[in-house]
Amino acid sequence: MILMIQRITSALLVLVALTSCEVPVEVDLPHTERLVVDGFIGPEVDQTELRVLRTLPPLARVDVSRMIVPDASATIEWNGTTYPLVRNIDSATFSLPPESATWNDGTARLVVTGLGKTATAATRIPKRPVIHSTRVVDSTSDSGVPVTYIHVDIEADTGTVVWVSDNYTTFNGITRPMSSYGFKDVVKGNGTSPRTRYSFIAFGIESFAVPDSITISLHSADPVYDRFLRSPFGGGEGLFGFSGVNPYFNLSGDGIGLFIGASSTKVGVKLR
């Protein structure tokens with residue numbers, strides 16, 4: 001017993017000695033401040049704002065108020081006309097020009113300045129996608145649960161990224177738009193056709209929760225969005241990838257982030 005106490009006492013003394021030898025070391029991690037831009041633009045897109053922030057140093061406490069760019073300004077050029085963006089009261093976002101709700105089949109060019117830095121991006125707003133038809137099919141899932149599927153037959157610009165969202169939500173989340181699964185697909189064409197017909201299952205709804213009708217929105221985005229989704233961690237919810245590998249961004253100059261042209265079409269579907 002005495003020997004055990006002696007061993008414990010010796011171990012404690014060694015631990016104290018090692019602790020007293022600790023020397024605080026300050027690590028100076030490199031940081032290049034950049035502008036951070038995020039936004040979609042085009043007809044019927046759900047987002048009507050452009051977010052402009054700045055990066056923070058590594059290990060800094062994440063606080064949006066510290067990421068504000070106090071002297072930020074932004075303009076968008078479309079068809080030879082430059083539109084200054086109006087800063088919102090939250091200071092982190094700018095309202096997109098009302099005219100952009102009618103823009104399609106062209107290129108929008110963005111310039112953002114602030115902190116003595118400039119970031120630019122160009123994005124193509126595709127032609128509006130067309131929903132040629134919808135088809136409601138009652139079936140059974142792999143687990144034996146009755147499911148109602150909505151098939152859509154669309155036409156969209158070849159190479160664009162398409163996805164679907166809806167206006168119907170249940171409290172237990174059993175209505176599942178494919179977009180909530182992370183579903184986004186690329187319209188692959190045959191030959192050199194600028195437009196392509198494409199069919200896919202937009203929704204699967206457990207039959208006991210099916211409403212009488214639903215409104216679905218079909219979105220078609222600039223092909224560069226596919227590069228972001230397929231880049232490291234591009235499909236995730238975070239901004240930065242593992243091991244410091246960033247997703248693909250289409251901002252140039254002193255900025256990172258995405259400025260993506262997209263267009264949308266809505267249609268009502270009767271289910272019952």
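The model is predicted: local features need pLDDT of at least 70 and side-chain atom pairs count only at pLDDT 80 or more, whereas totals for chains, interfaces and linings use all residues. Residues are numbered from 1 along each chain as its sequence is written, and side-chain values use heavy atoms, with hydrogens and water left out.

**Nonpolar cores**

- Ile-76 belongs to the largest nonpolar core, which has 23 residues; Ile-76, Leu-50, Leu-110 and Phe-259 have the most contacts inside this core.
- A nonpolar core is a set of buried Ala, Val, Leu, Ile, Met, Phe, Trp, Tyr and Cys residues joined through side-chain atoms within 4.5 Å.
- Buried means under 20% relative accessible area, exposed means over 50%, and partly exposed lies in between, with a 1.4 Å probe and protein chains only.
- At least two residues of the largest core come from each of β1 (35-41), β2 (49-54), β3 (73-78), β7 (106-114) and β8 (117-125).
- A second, separate core has 14 residues, including Ile-150, Val-152, Val-162 and Leu-218.

**Strands and sheet**

- Strands (E, at least two residues) and helices (H or I, at least four) are DSSP runs, numbered from the N terminus.
- Eight strands form an open sheet with mixed pairing, in the order β5-β6-β2-β1-β17-β15-β11-β13; two strands pair if DSSP finds at least two bridges between them.
- The edges of this sheet are β5 (86-87) and β13 (185-186); each has a single partner strand, so one side of each is left without a neighbour in the sheet.
- β2 runs antiparallel to β6 (residues 93-95), and three bridges join the two strands.
- Leu-50 has Phe-94 in β6 as its bridge partner, and Leu-50 is also one of the residues with the most contacts inside the largest core.
- β1 and β2 are likewise antiparallel, joined by four bridges; Leu-35 has Arg-54 in β2 as its bridge partner.

**Salt bridges**

- Four salt bridges are found in a search of the whole structure; a salt bridge is a side-chain nitrogen of Lys or Arg within 4 Å of a carboxyl oxygen of Asp or Glu.
- One of them joins Glu-33 to Arg-54, with the closest N and O atoms 3.4 Å apart.
- This pair links distant parts of the chain, 21 residues apart: Glu-33 lies in the loop between α1 (2-20) and β1, and Arg-54 lies in strand β2.
- Glu-33 is partly exposed at 26% relative accessibility, and Arg-54 is partly exposed at 21%.
- Asp-63 and Arg-61 form a salt bridge through their side chains, at 3.3 Å from N to O; Asp-63 is partly exposed at 22% relative accessibility, while Arg-61 is exposed at 56%.
- Asp-226 and Arg-230 form a salt bridge whose closest N and O atoms are 2.7 Å apart.
- Asp-226 and Arg-230 are separated by about one helical turn, because they stand four residues apart in helix α3 (residues 224-230).
- Asp-226 is buried, with a relative accessible area of 17%, whereas Arg-230 is exposed at 60% relative accessibility.
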